[in-house]
Structure formats: C-alpha cells, structure tokens
Amino acid sequence: MVIGAGQAGLSASYHLKRLGLSHVVLDANSAPGGAWQHRWDSLTMEDVHGIADLPDAPAPARDGRRANEAVSAYFADYERQHELPVLRPVAVDRVESEGELLVVHAVERSWTTRTLVNATGTWSRPFVPHYPGVETFRGEQLHTVDYPGPEHFAGKRVVVVGGGASAVQFLGELAPVADTIWVTRREPVWRTDWDENTGREVIARVEERVRRGLPPHSVVSVTGLALRPQERLAESLGAYERRPMFARVEPDGVRWADGSFEHVDAILWATGFRPAAAHLAPLHLKSEYGGIQLLSSTRDVQTATIAAADPRVQLVGYGPSASTIGGNRAGRAAAVAIARRLREPVAA
C-alpha cells in the first residue's frame, strides 16, 4: 500500500511494480499532480527550484508554462504510461495495527496490508505560528497555500513572514506592485556558492535529525537563499532588507518589541509546513524527541525510510527525502526494503 501520488509516491509505485510487487496507491486528490496542482498560477517552470526526473521519464522543460499545469500533466502521463495502480480520490483517515498486519481506513473503505509506504508530503498541513493579537487583525491573512498571485496585492501594504525560498519568491513578485515588509525570526542565510559536496552535506544534516528521531528540518531550510534574475528588481526596490519578527499583531498592523508600528493591509505567512502524518498516529511512530525516527538498510543518506518504531512502515518524502530527487531515491529504497521484508514469513 502506498499513500500519496506525488513525486515520492509515484517513484515508490514504479519500483514496486518493477519488482513484481502487487500494490495500490491511494491519493487524496481528485486528479494527478500531487501538491503541484495546488501551487499558485504565477509559479512557472522557470521559477521552480528544481523538478527531478521521475524514473525513466525526463522532467518538464524549464520554460514559461505554469508549474501547476506542466507538472500535473507530467505526473498524469507517468501514471498512464507505466500503468500505476492509483485510486483517487481516497483520503486516508487512519492506519491501525492488527497483529502482523496493517489496516488502512478511508471513510467507509479499508485495506489490509503487510507493508505501507507513506508519501503524503506536507502541503496539506500548512504551519502558521501564533502571535499575540493575531485574531484581532482586520486585514487579510494568507498562507503560502492560499497565495493568489501578485495582482491581488497591487497597491497594498503587505508584510511577508518567513525566511525560506517561498518568502523570497513572493517578495520578488510583490515588490514591483505593492509596498512590502519582510520579517524573519532569524537572519536570512544567503548562499554564495553551491556544488555537489555542499548538497551532500546539507542532506546529511537533515538525515541526521531523522536518524535521531528529531522533527525534520526541510532540505530547503538548510541550503541557504539565493536571488534569481527575476528577483533583482525587487532587490533594487529594497524588498530584501529584512526586519526582525514583530512582537504582536494589532487590528491595523504589526508592532515590534521596541514599540515601533507598521500599518499593513495583509499578512502573508510563508512559514512552511509540517509532515502530513496524523493518520499514522495510531501506530505510535514518534520518538520521545517528537519526530519519526527513520533507519536505512544502506549507507546512502537519502535512503533512511524505515520507521524505527514499526519496520512495516516506510516514509518517503520525509526529512532527507523531501526534495524531488530525494523522493525518487527514497521511493526506490522503500521498494527494495519492502521486497526484502516480504520474503520474511508471517508469524503464525
């Protein structure tokens, strides 16, 4: 059983099929495309930070097409070409253990399986931090998942909250049409160079957290930030002159600890996501440190997919495999680990 038909889930399904393992993929979306189908319309293939090839299928070209259309079509073609067994829309409510087996529940339907690949990602679980007075704000509050495009904010004063790549990208779009303020909890870390060794070090840092059972940091959060050519205009307008996080929200704006105040019309929370894994709660996979500890059957840092608390469960697209290329590798690793496990006899 595979839950989720994004990059990692499709990779896992492809490799399971190649290994001759009967399986089904449950996807909560009504159409192919994973989280990509929900991205904002102004995000083009030129803007995305990287789409890795799915196994045996080159990724879409980096052109001006909308990413939510191009990637969705790519995933749909992939499912069709490889005849992957995807069922949708099926939203999984919970996964329970019954003896040696796992039972996957989705409203009035259920499936029984010896093994499970969880590939539900993070998009369905946006994170918004709480600040005093946030409920009193009379303006508009939106998260990344709700971003409607720059035209919506034309002529408004917008505070963009967050120190990640999405915040940088939003500022690049908004600064030419709106008055923006950028706030982050920590000083942004700008990337000056990038090579293969740097990439391995970054992945290793994320992987170490999940091996210890700590909540994962996103891969993007530790790579550092860089401006693309399309964001240079916003830079010249001062959009990336960051301010520290405000202390509270008031009806007409935000106030800092030193008493200074800024009137704003909208707050855009580019504050990231958390793993969408609530349906796995009955399995008690979390460690004492609050994360799901993952183990690997190889020495590859991106193949830590086996839940330490329950080896029947594989997590892909979690922690070190949260990037598209990491999801591909984790999908293969999970399929290989499952093939090994299914060779083991079921206890009487």
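Trainee: Before we start, what do buried and exposed mean here?
Mentor: Buried means under 20% relative accessible area, exposed means over 50%, and partly exposed is in between, using a 1.4 Å probe and protein chains only. This is a predicted model, where local features need pLDDT of at least 70, side-chain atom pairs count only at pLDDT 80 or more, and totals for chains, interfaces and linings use all residues. Residues are numbered from 1 along each chain as its sequence is written, and side-chain values use heavy atoms, with hydrogens and water left out.

Trainee: Thanks! Is His284 buried or exposed?
Mentor: His284 counts as exposed, because its relative accessibility is 64%. His284 also has a positive phi, near 55°, though it is a residue other than glycine.

Trainee: Where does His284 lie?
Mentor: In the loop between S15 and strand S16 (294–296). Helices (H or I, at least four residues) and strands (E, at least two) are DSSP runs, numbered from the N terminus.

Trainee: What about Glu83, where does that one lie?
Mentor: Glu83 lies in the loop between H2 and S3. Glu83 is not a glycine, yet its phi is positive at about 50°. With a relative accessibility of 61%, Glu83 counts as exposed.

Trainee: Let's zoom out. How many helices and strands are in the chain?
Mentor: The chain has six helices and 18 strands. It runs to 348 residues, and 50% of them count as buried.

Trainee: And how much accessible surface does the chain have?
Mentor: About 16,600 Å², with 49% of that belonging to carbon and sulfur atoms. These areas come from the Shrake-Rupley method with a 1.4 Å probe; for residues, only the protein chains shown count as cover.

Trainee: What share of the contacts comes from residues 24 or more positions apart?
Mentor: They account for 64% of the chain's contacts with a separation of 6 or more. Contact means heavy atoms within 4.5 Å.

Trainee: Which residues have the most contacts inside the largest nonpolar core?
Mentor: Trp36, Phe153, Val158, Leu174, Tyr240 and Leu268, in a core of 55 residues. A nonpolar core is a set of buried Ala, Val, Leu, Ile, Met, Phe, Trp, Tyr and Cys residues joined through side-chain atoms within 4.5 Å.

Trainee: Which elements give two or more residues to this core?
Mentor: Helix H1 (7–18), helix H2 (67–81), strand S9 (157–161), helix H3 (165–174), strand S15 (266–269) and helix H6 (324–342). H2 gives the most, with six residues.

Trainee: What covers the buried residues of H2?
Mentor: The cover includes H1 and strand S3 (86–87). Among the buried residues of H2 are Ala67, Val71, Tyr74 and Phe75.

Trainee: How does the span of H2 look?
Mentor: It agrees with expectation: at 1.5 Å a residue, its 15 residues should span 21 Å, and its end C-alpha atoms are 21 Å apart. The expected span is 1.5 Å times one less than the number of residues.

Trainee: Switching topic: which residues does a cis peptide bond join?
Mentor: Arg88 and Pro89, with omega about -10°. Pro89 is found in the loop between S3 and strand S4 (94–98). Val90 is found in that loop too, and Val90 is buried, at a relative accessible area of 7%.

Trainee: What is Val90 in contact with?
Mentor: Leaving aside neighbours within four places in sequence, Val90 is in contact with Leu26, Asp27, Ala28, Ala106, Arg109 and Trp111. Val90 and Asn29 are 61 residues apart in sequence and 7.4 Å apart in space, C-alpha to C-alpha.

Trainee: How many aromatic pairs are there?
Mentor: The count is 14. Rings of Phe, Tyr and Trp (its six-membered ring) pair if their centres lie within 6.5 Å; planes under 30 degrees apart count as stacked, over 60 as edge-to-face and the rest as tilted. Trp182 and Trp190 form an edge-to-face pair, 6.1 Å centre to centre with 70° between the planes. Trp182 is buried, at 1% relative accessibility, whereas Trp190 is partly exposed, at 35%.

Trainee: Last one: what does the side chain of Thr305 make a polar contact with?
Mentor: With the side chain of Gln314, at 2.6 Å. A polar contact is a pair of N or O atoms within 3.5 Å; within protein, one must be able to donate a hydrogen and the other to accept it, and residues adjacent in sequence count only if both atoms are side-chain atoms. Thr305 sits in strand S17 (residues 304–307) and is buried, with a relative accessible area of 1%.
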